[in-house]
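Please look over the sequence and model below before reading my comments. They are set out as numbered points.

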Amino acid sequence: MNQRVMTLDEFTIQELRNYPGATGQLSGLLRDIGLAAKRVNVEVNKAGIADILGEAGKTNVQGEAVKKLDEFANDQLINSLRTSIYCCGVASEENEDFICFEDELSKNSKYVVLMDPLDGSGNIDVNVSIGTIFSVYRRLSPNGELCTREDFLQPGNMQIAAGYIIYGSSTMLVYATRRSVQGFTLDPSIGEFCLSHPNMRVPEDSDIFSVNMGYYYLYEKKIQQAIDLFMAQNAADKVYRHRFVGCMVSEIHRTLVQGGVFMYPAFGKYTNGRLRLCYECNPMSFLMEKAGGAAIADGKRRLLDIKPDELHQRIPIFIGSRKMVEAIQVVID
């Protein structure tokens with residue numbers, strides 16, 4: 001007898017039943033993000049035959065070339081959240097400043113969303129997994145007014161929910177609330193995200209490490225020593241597996257499922273790190289901690305405790321299985 005599969009909509013509605021005091025706004029917001037993700041997924045899957053590959057002919061606020069699919073994903077997510085009644089504003093890695101939604105329903109909603117619409121877009125033209133990252137905060141500004149910059153510059157420990165969508169051999173939406181981490185796989189036959197990975201937990205230890213070894217000699221000495229923890233020095237050493245995809249969503253998804261540690265230290269001209277605190281590191285750290293893992297920015301600071309100074313702030317990150325992150329922290333502290 002086939003077991004009935006629960007869709008994202010059904011799951012979020014069931015959660016409302018379990019928590020009678022909930023307003024349903026967060027559940028509705030997650031469903032809106034899921035809808036936008038399905039639209040992006042359609043374009044990703046036909047990228048090879050549609051005119052959306054390659055450069056869009058302009059750069060984003062980071063000075064990086066904007067891919068056509070980056071632009072499409074950004075537009076789809078913003079439009080979906082704009083027409084939602086659960087979001088009062090959005091900040092995107094692709095936009096220089098945050099966007100306020102000015103209609104009355106939006107101004108009276110409780111949440112703001114920060115996002116990286118298409119992480120790993122350098123992989124688009126070579127058909128490697130890419131993804132979307134999002135994070136949700138309760139606004140600080142008064143309901144009924146326009147959202148403000150401070151709504152978006154909250155430390156990661158204030159997140160209400162966070163997650164990612166990975167567009168790979170299958171398309172998955174994984175999100176964390178303060179209670180749990182849930183994974184949904186898109187069933188293309190019905191066009192719905194279905195619960196496939198309930199109550200996800202990251203293994204506390206693993207034999208996988210992920211870092212760009214091409215920059216090894218540009219890393220500080222302590223970072224090199226941390227990487228050396230996972231490098232066999234002789235035949236008797238434990239052998240770790242090195243993986244590096246070049247897409248944070250792919251790295252985090254593998255780490256969540258199989259365990260391991262993902263490292264993106266500061267190096268060279270990226271003296272403050274390369275990944276974005278608000279759009280990438282905070283949401284992934286929130287999710288990883290809720291799954292039982294850990295995330296630090298350096299030897300001393302829990303990443304989620306750092307208050308951003310600006311929307312596009314960059315930061316180093318070490319994230320994954322708790323025991324592996326703790327071992328790194330001992331070395332670089």
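1. Basis. This is a predicted model, in which local features need pLDDT of at least 70 and side-chain atom pairs count only at pLDDT 80 or more, while totals for chains, interfaces and linings use all residues. Residues are numbered from 1 along each chain as its sequence is written, and side-chain values use heavy atoms, with hydrogens and water left out.

2. The five-stranded sheet. An open sheet with mixed pairing has the strand order S12-S11-S13-S17-S15; helices (H or I, at least four residues) and strands (E, at least two) are DSSP runs numbered from the N terminus, and two strands pair if DSSP finds at least two bridges between them. Strands S12 (241–242) and S15 (294–296) stand at the edges with a single partner strand each, so one side of each lacks a neighbour in the sheet. Strands S11 (residues 208–210) and S13 (residues 261–264) run parallel and are joined by two bridges, with Phe209 opposite Val261 in S13.

3. Strand S5. Nine of the nine residues of S5 (residues 111–119) are buried, so this strand is largely enclosed by the rest of the structure; buried means under 20% relative accessible area, with a 1.4 Å probe and protein chains only. Five bridges join S5 to strand S3 (residues 87–92) in parallel, Val113 being the bridge partner of Val90, whereas seven bridges join S5 to strand S6 (residues 130–138) in antiparallel fashion, where Val112 stands opposite Tyr137.

4. Helices H6 and H9. The axes of H6 (residues 221–228) and H9 (residues 322–332) come within 9 Å and cross at roughly 145°; axes are lines fitted to C-alpha atoms over the stretch in contact, and angles run from 0 to 180 degrees between N-to-C directions. Lys222, Ile223, Gln225 and Ala226 in H6 meet Ile328, Val331 and Ile332 in H9, where contact means heavy atoms within 4.5 Å.

5. Aromatic pairs. A search of the whole structure finds 11 aromatic pairs, defined by ring centres within 6.5 Å, with planes under 30 degrees apart counted as stacked, over 60 as edge-to-face and the rest as tilted. One of them is the edge-to-face pair of Phe11 and Phe184, at 5.5 Å centre to centre and 70° between the planes; Phe11 lies in helix H1 (residues 8–18) and Phe184 in strand S9 (residues 181–187), 173 residues apart, and both residues are buried.

6. Aromatic cluster. Tyr215, Tyr219, Phe262, Tyr264, Phe267 and Tyr270 form one aromatic cluster. Phe262 and Tyr264 are both buried.

How values were computed. Buried means under 20% relative accessible area, exposed over 50%, partly exposed in between (1.4 Å probe, protein chains only). Rings of Phe, Tyr and Trp (its six-membered ring) pair if their centres lie within 6.5 Å; planes under 30 degrees apart count as stacked, over 60 as edge-to-face and the rest as tilted.
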